[in-house]
Amino acid sequence: MSYLEVNDLKVHFPIKGGVFGRTVGHIKAVDGVSFSLEKGKTYGLVGESGSGKTTTGRAIIGLNNITSGKVMFDGKEITNMRRAKSDARKNIQMIFQDPYSSLNPKKRVVDIVSEPLRNFENLTRKEERKRVQELLELVGLSPESILKYPHEFSGGQRQRIGIARAIALKPKLIIADEPVSALDVSVQAQVLNFMKEIQKELDLTYLFISHDLGVIKHMCDEIGIMYKGRYVEEGTAEDIFNDPQHIYTKRLVAAIPDIDPNKREEKRKFREEVKVEYDQSYNDYFDEEGLAYKLQPVSDTHLVALPEKG
Amino acid sequence: MAEKLLDIKNLTTSFRIKDDYHAAVDNLSLTVNKNEVLAIVGESGCGKSALAFSIMGLHTRAKIEGDILYKGNNIAKMSPSELNKVRGNDLGMIFQDPLTSLNPLMEVGEQIGETLYLHNKNMSKNARREKVLDLLNKVGIPRAEHVINQFPHELSGGMRQRVMIAMAIANKPELLIADEPTTALDVTIQSQILDLINKLKDEMDSGIVLITHDLGVVAEMADRVAVMYAGQIVEVADVKTLFESPLHPYTRSLLNSVPNANTEQDELHVIQGIVPSLQNLPREGCRFGARIPWIDESAHEKHPELKEVAPGHQVRCTCYKHFSFPDESKEEQHVLS
C-alpha cells in the first residue's frame, strides 16, 4: 500500500460576481488529479505557473479546501482535515518557496523553529531550547543563531531555518514547494544536498513541487507533469526525460537549456521540430477546452494522457 | 576584427554606506562587439546588476569612475539630457522584475508608445499604435489589439516580461542589456524569449549583454562569457572554452553546482562560505580565496590581475594552477598511497 494516496482530487475556486457577489463560475485549479507516493521516495510535481501544482500541495496539507476527491495518508483519510491537533498535521510538514517571506521578520529563530513544538508538545523552556539547538545543528547552523532574526541570515541559511521548522516535529512527509527557486545555484546545491541527506537520516518522503526540470531530475524518483489542473503524464524520471510521450511533456523537455554549448544548433533544430509537432497535434492531445484527457498506461510505470479515440 | 560597440574601461561603481564608499563594481574593463551576445554570470551580490545600471546611467547616488565608451562616446560623462537621447533609443534595457519595472497606472500600449514618442516626436498617433501592435506581435503576445489596452496587473508574468522586451526593442537598440530576462519564467516561455532575443540580434546586428545566473541559458545563448565575483571579472572566454575547459576555481565551482537534466550526478558541489557583503569584501589578494580554504595561500597572487592565458581567454589570479576540488585531491592522494 502506498504511503500517500491522492484520488481524483479536485480544488475549485468560486468566481464571485454581480451585485450580490454571487458565485458566477468556478476556476478549476486542480481538476481530477490522482497519484500515490511510496515511503522514503521523492515524487516530483512539475508544471508551469498556474498549472495547479502548488494548489495540489496545499490541498493535501489542508491549506486549500478540497472540492471533491480523497487524500489518504498512511492508511487514514485526511481529506479536509480540520482538527488542528491531528496526527496528520504533525506528520506532514511544508517547506515554502520563498525563504525571504515565509519567515516572520519580527520573530527570533528560536520562536520560529519552536512554534510547531509549542503547538504539539508540552515542553519546558529549557527542553524547548535544547530541541531547537539540536535542530539548528542538524541543518548546519550555529547554536548561537538561536537569538538572531531572519534578516541576519543569507538566503540558503534562511531556507535551512525553514527546513528546521519543517522537521521539528519529526514529520514523515514533507511537501516542498519550489524550495530552491529563489536561490542562487551554489546555495541551491547546498539546500538540495542537505534535503537528500536528511531524507536518508530521517526516512522522509518528499513531495517536491518545482518548475525547474533540472532540479526535478536530480531529486525525484517519480514525476507527474501537470497542465491546467490535470495530469498529462506520469512516470519514473527515466520515462519522462528519455521517453516523453505526451506532446506537452515533449515540449517541456525540449525547452530545457543544455549546458553544452556545442549542442546549441542541434537543440535549436530539435526544439523547432517539437514546436511544429506541438502546434499540429495540439487539438489531438487536448479537448475543446484545452484540457488534457484521462491518463492511460503505456507501461507499468508510465501513464500518458492520450486522446481517447485513436 | 569585430567592431567594438561598447568599451568599458576601468569602471568603478561605489555606493556610500555610512560615510564610506564601497565599490560594487571594482575596476572592471570589458568590451561588447556588434552582433555578439556577451553573458555576465555570477551569484547575486557579485555586482552584475550594478554594472548594468552603470552602463545605462541609472545610478543616481553612486560614485562612478572610469569610462564607458559607446561607439566612442563616453556615457559615464554625459549630462542627463544627453543620456536621455541615447537611452531607450540606442541603448535598450530589459529589467529583471517586470512587475515593479512597469508603470501600474498606465496601459501597456501607452507605455510602449511613450518610448517611441520620446525618440520620434513626429510620429502620428495612428502610426504609433500600429507600431506598438507590431511590436506586441513580434514578442509573441496573442490578441495584441486587446492587450494594448490592458494594465500590467492584468497580464501574467510571462506576458509582462514580453511587454518589457517590446519596450526595450521598440527603437531597435544597437546595444541591449538584458538583466535576468527569463529568471522568473517557465522553461517553455524562457526558450521563446531567448529565441526572440536571438532574432533581434540577427536582424539588427545588435550587441547584447545578457546578465544571468543560469548557466544553461548561457550555454544556449552566449558567444562570450564573463564570470564575475565580488565586483571583479575573474574569467573571460568564448562560450565553448568556458564550458569545456574552465580555469578559475569560481567558474569550475559554479559549473559543478548546477543540477543538470542531461547528466547524472549524485551530489552537487557546494561552494563553502557565503558571498561577502559589500562592506566586508576583501579588497586585497584573491577575493575568492576565502571560499577555497583548502588551497594554500601561496597559490594566490598578492595583486591578482586578469591575464591572458590563450587568445580571448583571460583569468584572474594564479590560484587556478593549483586548484582542485577537495574530493578530487583526496582521490589523487588515494592513488598515490
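Helices (H or I, at least four residues) and strands (E, at least two) are DSSP runs, numbered from the N terminus. With that in hand, let's start the tour.

This is a predicted model, where local features need pLDDT of at least 70 and side-chain atom pairs count only at pLDDT 80 or more, while totals for chains, interfaces and linings use all residues. Residues are numbered from 1 along each chain as its sequence is written, and chains are lettered from A and ligands numbered from 1 in the order in which they are written.

**Stop 1: a helix in chain A.** Select residues 53–61 of chain A, which form helix 1. Eight of the nine residues here are buried (20 or more other C-beta atoms within 10 Å of the residue's own, with C-beta atoms placed from the backbone). Among them are Lys53(A), Gly57(A) and Ile61(A). Now step on to Gly62(A), which follows the helix and has a positive phi, near 95°.

**Stop 2: the two domains of chain A.** Colour 4–228 as domain 1 and 230–310 as domain 2; such bounds come from an automatic or database domain assignment. Their centres, taken over C-alpha atoms, are 28 Å apart. Between them, 16 residues of domain 1 are in contact with 18 residues of domain 2, contact being C-beta atoms, placed from the backbone, within 7 Å. On the domain 1 side, strand 2 (22–37), helix 7 (213–219) and strand 9 (222–227) of chain A each give two or more residues. Strand 9 of chain A gives the most, with six.

**Stop 3: a sheet in chain B.** Move to chain B and show the open sheet of four strands, ordered 2-1-4-5 with antiparallel pairing; strands pair if DSSP finds at least two bridges between them. At the edges, pairing on one side only, are strand 2 (20–33) and strand 5 (73–74) of chain B. Next, select helix 1 (residues 48–55) of chain B, which packs on the sheet and touches strand 1 (4–17), strand 2 and strand 4 of chain B. Strand 4 (residues 63–70) and strand 5 of chain B are joined by two bridges, and Tyr70(B) has Asn73(B) as its bridge partner in strand 5.

**Stop 4: where the chains meet.** Show both chains: 30 residues of chain B and 29 residues of chain A take part in the contact. On the chain B side, select helix 8 (187–204), helix 9 (215–221) and helix 10 (239–244), which each give two or more residues. Helix 9 of chain B gives the most, with five.

Terms used: Buried ≥ 20, exposed ≤ 12 C-beta atoms within 10 Å, placed from the backbone. Contact = placed C-beta atoms within 7 Å. Axes fitted to C-alpha atoms, helices over the stretch in contact; angles between N-to-C directions.
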